[in-house]
Amino acid sequence: MTSSQPFQFDPQPIMRRAIGLAKKAQFQTDPNPMVGAILVDQSGTPLAEGYHRKAGSPHAEVETLKSFKKTPKGSVLFVTLEPCNIFGKTPPCTDLILDKQVKTVIVGCKDPNPKVAGRGIQKLREQGVEVIVGVCEQECQDMNRVFNKHIVKKLPYVTIKAAMSLDGKIAMASGESQWITGCEARKDGQRLRSQHMAMAVGNKTLFADNPRLTDRVSESPRQPARVVFSSKGNIPSDSHFLNRTETQRIVIAGANIAPEVRTQLQQAGVTLIVENNEFPEIPSSLAELYNLGICSLLVEGGAQLISSFINAGMVDCFQIYVAGKIIGDDDAPAWSGNSNIRSLAEVPSLTFEKVDKIGDDLKITGFLA
């Protein structure tokens, strides 16, 4: 935390309340970050609060300060993310803060957006506002992992989801896979779908399981765009993927896709991305998805697609469901496919954030170290 502290109360509980406000809009603000704000008086008592509800709606600072022509003397504005100093769909929040004559602003973390990146803080300080940065900084950064990734890298935030036996198998050698995990874990896995802007499977999974690729358990799901990686673009005619009544459908194909297949997909209303190589390359495919406005991607399999993402170094988060079952067959497929790694020094390492018990199964949340 930087700068002096011009108040006589603990700022962390207030910032954590602002974080809680921000999270009320979880999965609703893409491509924007979640942001919460609270205005308190000299003793730390809240005077007003607000949060950014969805892209295009007023920012958290606007929601918090809208009822004030001029903020009370000695009041302090808490905001989880650096106030913006640029015109987007709404005017700069720095101008609003100055107009409302806020004299002290507590910022959770700086905005990683290269267009802002400290300039909002600098502008406020140049105009005489006391700005303190870094209260609950890590918590403020962590809640916007998706935004932090896509705004800097111009790529979607990628989550791998896999359901497996205790010995890491996702199916029997025969291909039988329904069901390794229990009902509660499967429902939780469906909820992950609406927490991402798009979800992806490989061509083999589409043929074997004919998945719907939708969230059918959440009360108000944000249904993801449906993506299939298929080098030749072959989609079964009876596939649920071809259902026009659901969400956007995207096929990522290789350069050798047949002209008639290309035409069929386009006539079916499918968005087609054709790579320059025989097999889709993960980095360039992700860049194309980002150009379509997709900021977060859930990859559900199969093993070959998952290993392609891991080998490309393009995974940000793992959501792994583990059942208390042992398949014990060397020929049964493992969830991570073949990484072609030959030494421990090359093995990707995960940082485990938490382990939850869901029904009879475990859910492990990890991030690539």
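In strand 8 (residues 225–229), A225, V227 and F229 point one way and R226 and V228 the other way, and all are buried, where buried means under 20% relative accessible area, exposed over 50% and partly exposed in between (1.4 Å probe, protein chains only). Strands (E, at least two residues) and helices (H or I, at least four) are DSSP runs, numbered from the N terminus. In a regular strand the side chains alternate between the two faces of the sheet. Strand 7 (residues 198–202) runs parallel to strand 8 and is joined to it by 5 bridges; two strands pair if DSSP finds at least two bridges between them. V201 stands opposite V228 in strand 8.

The model is predicted: local features need pLDDT of at least 70, side-chain atom pairs count only at pLDDT 80 or more, and totals for chains, interfaces and linings use all residues. Residues are numbered from 1 along each chain as its sequence is written, and side-chain values use heavy atoms, with hydrogens and water left out.

The end C-alpha atoms of helix 1 (residues 11–22) are 17 Å apart, which agrees with the 16 Å that its 12 residues should span at 1.5 Å a residue, the expected span being 1.5 Å times one less than the number of residues. P11, I14, M15, A18, I19, L21 and A22 of helix 1 are buried. These residues cover an arc of only 160 degrees around the axis, which puts them on the same side of helix 1; the arc is that of the directions from the helix axis to the C-beta atoms.

The count of disulfides (pairs of cysteine sulfur atoms within 2.5 Å) comes to 0.
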